Amino acid sequence: MSQVVLVTGCRSGFGLLSAVELARRGHVVYAGLRDPGCAEELAAAGRGLPIHPLALDVNQASQRDAAIGRILDEQGRIDALVNNAGVALGGFLEQVEEDEFRQVLETNVLGPWALTKAVLPAMRQRRSGKVIMVGSMSGRIGLPGVGVYAASKWALEGMSESWRHELALFGIELTLVEPAQFKTDIFTRNRRIARNAQDPDSPWAPYVRSLDKSVRAMVERSAGDPVEVAHLVTRLVEAKKSAFRHPVGPNAWMRAMLGRYVPFGLTQRFIARWLVPDPA
Ligand SMILES: NC(=O)c1ccc[n+]([C@@H]2O[C@H](COP(=O)([O-])OP(=O)(O)OC[C@H]3O[C@@H](n4cnc5c(N)ncnc54)[C@H](OP(=O)(O)O)[C@@H]3O)[C@@H](O)[C@H]2O)c1
């Protein structure tokens with residue numbers, strides 16, 4: 001049956017591909033855009049599929065309310081919300097400034113929390129609905145150089161776990177997608193590095209260079225095709241019932257098991273060998 005789905009962060013990557021895949025499968029898709037000026041790009045990617053663009057910066061309360069109000073006016077219901085919008089931030093934790101940390105937490109944790117909260121009354125009334133959170137493998141394993149991002153995705157994991165239990169009481173299902181690395185704009189157009197991480201005189205500079213090189217090489221060599229995540233999101237929207245966590249992508253299951261079962265001391269020794277300073 002055709003579902004009414006709201007997906008956030010649809011300019012590129014998982015959001016764009018999920019919106020297209022869901023529309024291709026016959027669902028009614030509302031695609032949130034932080035910058036509504038990108039609606040034409042979305043329409044071009046959708047190639048005539050009926051995808052409804054929406055101005056939706058997840059950090060703006062007025063836009064969240066307007067988006068939900070419009071969908072309920074036009075469709076009378078929202079069957080699924082895909083909280084996909086997110087930002088990353090590279091930089092060692094000592095280098096990050098408070099405004100930078102807050103912005104990541106706002107977009108990756110408070111935004112999805114507030115949007116979900118706003119959608120729930122309509123879902124509860126029908127005693128059905130799905131909320132899909134796009135987390136990350138960084139929500140399972142905290143790697144150096146991406147501590148702020150890891151903090152945000154760990155917070156999203158904890159919040160999602162609590163919410164899964166709470167929402168089950170009203171027939172609403174919350175699931176968590178945990179992608180490993182995929183080739184999306186998060187590593188190119190949307191690549192964000194803390195201001196201080198660009199200081200060549202910082203004691204962290206040789207490690208910033210080293211990490212930058214290994215992340216670039218890893219993305220080039222082994223990052224997955226983001227369409228895999230779009231297919232998973234679509235399956236979760238369509239499934240009657242789903243498990244809570246869904247690791248996806250290159251080595252995702254192995255990394256999930258590593259985080260859970262390998263003693264932390266072993267992981268730390270392995271990471272210390274990998275994190276070598278790069279002379280300028
Ligand atoms: N790619 C990966 O390897 C990977 C791995 C694990 C998890 N993830 C997660 O997957 C999700 C999607 O990322 P992606 O890889 O597809 O990257 P992406 O191509 O950069 O897409 C991120 C999307 O989020 C939007 N966005 C950013 N801030 C927003 C805000 N305040 N309100 C609404 N939309 C906002 C961006 O819009 P603009 O471009 O207009 O700013 C963009 O459409 C994120 O939550 C990310 O953390 C990605």
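**A walk through a predicted model, starting at the ligand**

Hi everyone, let's begin at the ligand: helix α1 gives the most to the shell around the ligand, with three residues. Before going further, please keep in mind that this is a predicted model, where local features need pLDDT of at least 70, side-chain atom pairs count only at pLDDT 80 or more, and totals for chains, interfaces and linings use all residues. Residues are numbered from 1 along each chain as its sequence is written. Helices (H or I, at least four residues) and strands (E, at least two) are DSSP runs, numbered from the N terminus.

Back to the shell. Around the ligand there are 31 residues, and Gly9, Gly13, Ala85, Gly86 and Thr184 come nearest. A residue counts as near if its C-beta atom, placed from the backbone, lies within 6 Å of the molecule. Both α1 (13-24) and α4 (98-126) supply at least two residues of this shell. By type, the shell divides into 11 nonpolar, 15 polar and five charged residues. Here Ala, Val, Leu, Ile, Met, Phe, Trp, Tyr, Cys and Pro count as nonpolar, Asp, Glu, Lys and Arg as charged, and the others, Gly among them, as polar.

Now the whole protein. How many helices and strands are there in the protein? There are nine helices and seven strands. The radius of gyration is 19 Å, close to the 19 Å that the globule rule gives for 280 residues, so the protein is as compact as a globular protein of that length. That radius is taken over C-alpha atoms, and the rule is 2.2 Å times the number of residues to the power 0.38. Of the 280 residues, 41% count as buried. Buried means that 20 or more other C-beta atoms lie within 10 Å of the residue's own; exposed means 12 or fewer, and partly exposed is in between, with C-beta atoms placed from the backbone.

Next, the inside. In soluble globular proteins, nonpolar side chains tend to be buried together. In this model the largest nonpolar core has 49 residues, of which Val5, Leu6, Ala19, Val29, Ala31 and Val233 touch the most other members. α1 gives the most to this core, with seven residues. Apart from this core lies another, of 15 residues, among them Ala88, Leu89, Val96 and Ala150. A core here is a set of buried Ala, Val, Leu, Ile, Met, Phe, Trp, Tyr and Cys residues joined through C-beta atoms within 7 Å.

Let's look at helix α5. It has 22 residues and reaches 31 Å from its first C-alpha to its last, close to the 32 Å expected at 1.5 Å a residue; the expected span is 1.5 Å times one less than the number of residues. Its buried residues, including Lys153, Leu156 and Ser160, pack against α4, β5 and β6 (172-179).

Glycine 135 is found in the loop between β5 (129-134) and α5 (147-168). Is glycine 135 buried or exposed? It is buried, because 26 other C-beta atoms lie within 10 Å. Leaving out residues up to four places away in sequence, glycine 135 touches Lys153, Leu156, Glu157, Ser160, Leu176, Val177 and Glu178, where contact means C-beta atoms, placed from the backbone, within 7 Å.

Last stop: arginine 127, in the loop between α4 and β5. Its phi is near 50°, a positive value in a residue other than glycine. Arginine 127 counts as exposed, because it has 9 C-beta neighbours inside 10 Å.

Terms used. Contact = placed C-beta atoms within 7 Å.
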